[in-house]
Amino acid sequence: MRLSKEDLLGMYRRMVRIRQFEEGITYHSLQGHVPGTGHVSIGEEAVAVGACSALEERDYLISTHRAHGHVLARGASMPVIVAEVFAKATGCTGGKGGSMHLSDFDRYILGTNGIVGGGINIAGGVGLAIKMQKTNQVCLCFFGDGAANRGTFHEGLNLASLWKVPTVYVCTNNQYALSMPQGKGCANIDISARAVAYDLPGQRVDGTDVVAVYEAVKSAVDRARRGEGPSLIEAVAYRLRGHSMRMDTMPGSSAYRPKGEVEDWWQNKDPLKIFKQKLKGLDYLTDKMADKIEAECKQEFDEAVKFALTSPEPSPESAFDWIYAEEGR
Amino acid sequence: MAQRQISYREAIAEAIREEMARDEKVFLMGEDVGVLGGAFGATKGLFQEFGEDRVRETPISETAIIGFALGAAMAGMRPIAEIMRVDWMTICMDEIVNQVAKMHYLSGGRPRVAMVIRAATEGGIGLGAQHSQSFESWFVHVPGLKVVMPSTPYDAKGLLKAAIRDSNPVIFLEPGVLYGTSGPVPAEDYLIPLGKADIKREGKDTTIVVWGTLVLKALNAAQTLANEGIEVEVVDPRSLRPLDIETIIESVKKTGRLVVAHEAMRTCGVGAEIAALVQERAFDYLDAPIQRVAAPDVIIPVNRNLERTVLPQEEHIVEAVKSVR
């Protein structure tokens, strides 16, 4: 499917929205509004938006600990997500899960995960349920280059391929597993090449190019929906911030990165900057329009923060809710 | 008319068959559960009856078995996942402990995680250190899970059917030694609620709380003791979470003496929890210290004599009951 001007501008807006969220949530983390920690995805917005733009409304999402962008790209309510990251009663789990456990079941967002590689098998199972119930949906599964070294990657992709489940695996290779550069952690840095081992289509794309990500994922989603099984897409981007907001406040927390590397990516491979130039080159976007989009997204975020900050704390007794499901639901 | 007798493994297969016929969301997955009918024969005939879509043979991929079952449950199915032995549930502990048990809680109470994880448990057949363990206490320690361990074919069928219909994840542990044992099992549909103990033998002198393989040994011990004039009450909790502590307390109030027996290791076994609960709630009724019968903290050896040495036997139960007289 060719993307229209409106499609492209919509994708741009969603990327700006994520960037505003991540910058803003980092600021509020420093203000002490985020308990524990959270993992921002600045530099990876093109993967989130490109991949999620390839989904239909009823398609499922399973994601990772670094998933603010994923759930926002899938249409989760920003006030509810901010409230959850602030662990307020109005968050999606009432403050029980926090930044790493975001979900919106009305939007088929089945949850993000605090265990690296924890979602890969779950997404295969969601695909299995789709297949067994013949509901013509697809499940998109995000994971990272770190998770690609977990055993769950091997077991999950092998079984997904054997059973031809409609699950699309998108690896955001942000080049670092916490402090470990990908080249130190993967014997072969081409994660997409592993698809051969599972008899799957594998494709490596530029994860800073939102259209390239979209096209690769769209083709995999179409294939899955035709009943031809899963695919593996590796989108190579760069984590422009540290592993977590908390870690970024610690002295020496970027000691593992070569000097100048972060600056170089900011300069040359910032996905927002790249897409903005592209849209300007197509005469789809002006600086004025871009400023307006940014201001609107910032305002949306600020309103979400206001909602979260004025939301009540969860009641102490709510800690005991939902340990077991009630019968007869 | 004499009641129909079937084996424990047949009771398991019958429970699954009835529930799969009743609800098309129910399906079975695991290693060797298909054509072979399970490594212990407990899923025999199901593949032939329901086909490969609903009786899914998996590769040796424990994390995928549990993770896929969880994802399928979150999207509306009711999987029964088999891990061949409880020893190998260690391989998928992240899936069980961090994912399955917590998913309802960490998702705002939205998805129903209606799934059963079945596994053979306990020793006694010389399979050695990595094929003979009893880990029920590990799972009882995790909020969000239910843990069931039936000791008779009748209990196995009724509890498994109830576990499959439960809205929560249930760890269903089947003592391997018991698969070949037989007992009366109605051919019709019946459920045994989770969290309801069964008094396997009534008595007034001492309460034995016991589950799994040891129930049969406890019943034999009770007969031996009865011949000596000691009437023991044998209480099988059948499910360890939820635990029917009320029935246990009632029995202790009657007998004033308690022995807790399990095949799992003594240290931090479920017996320790039951002893603690009873002293908290029925201390004034106790006429003697609570005694535990359990495996010592050793690794289970293959040699028949060595295995018999380390696993609790009938005579250990007899001794324990006499020690609280």
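Predicted model: local features only at pLDDT ≥ 70, side-chain atom pairs only at ≥ 80, totals over all residues.

**Entry: the core.** I started with the largest nonpolar core, which holds 204 residues. By nonpolar core I mean a set of buried Ala, Val, Leu, Ile, Met, Phe, Trp, Tyr and Cys residues joined through C-beta atoms within 7 Å. A residue is buried if 20 or more other C-beta atoms lie within 10 Å of its own, exposed if 12 or fewer, and partly exposed in between, with C-beta atoms placed from the backbone. The members that touch the most other members are Val126(A), Leu140(A), Cys141(A), Val170(A), Val217(A) and Ile208(B). Helix 3 of chain B supplies the largest share of this core, nine residues. Helices (H or I, at least four residues) and strands (E, at least two) are DSSP runs, numbered from the N terminus. Domain 1 (5-184) and domain 2 (198-323) of chain B both contribute residues, so the core lies between them. I took the domain bounds as they come, from an automatic or database domain assignment.

Residues are numbered from 1 along each chain as its sequence is written, and chains are lettered from A and ligands numbered from 1 in the order in which they are written.

**Entry: Cys141(A).** Which residues does Cys141(A) touch, not counting residues up to four places away in sequence? I found Ile62(A), Gly119(A), Ile120(A), Ala123(A), Thr167(A), Val168(A), Tyr169(A) and Val170(A). Contact here requires C-beta atoms, placed from the backbone, within 7 Å.

**Entry: the sheet in chain A.** I traced six strands in an open sheet, order 2-1-3-4-8-7, with parallel pairing. Two strands pair if DSSP finds at least two bridges between them. Strand 2 (109-111) and strand 7 (202-206) of chain A are at the edges with a single partner strand each, so one side of each has no neighbour in the sheet. Neighbouring strands are turned by 20 degrees against each other on average, direction ignored. Strand 7 of chain A pairs with strand 8 (residues 231-236) of chain A over five bridges, and Gly202(A) has Leu232(A) as its bridge partner. Helix 8 (residues 210-225) of chain A packs on the sheet against strand 4 (167-173), strand 7 and strand 8, with its direction at about 170 degrees to that of strand 8. Axes are lines fitted to C-alpha atoms, for helices over the stretch in contact, and angles run from 0 to 180 degrees between N-to-C directions.

**Entry: the sheet in chain B.** Here I followed seven strands in an open sheet, order 3-2-4-5-7-6-12, with mixed pairing. Strand 3 (55-57) and strand 12 (239-241) of chain B are the edge strands. Strand 6 (residues 146-148) and strand 12 of chain B run antiparallel, joined by two bridges, and Val147(B) stands opposite Arg241(B).

**Entry: the two domains of chain B.** The C-alpha centres of domain 1 and domain 2 of chain B lie 26 Å apart. Their contact takes 25 residues from domain 1 and 23 residues from domain 2. On the domain 1 side, the elements that give two or more residues are helix 5 (136-140), strand 6 and helix 6 (153-165) of chain B.

Technical notes. Contact = placed C-beta atoms within 7 Å.
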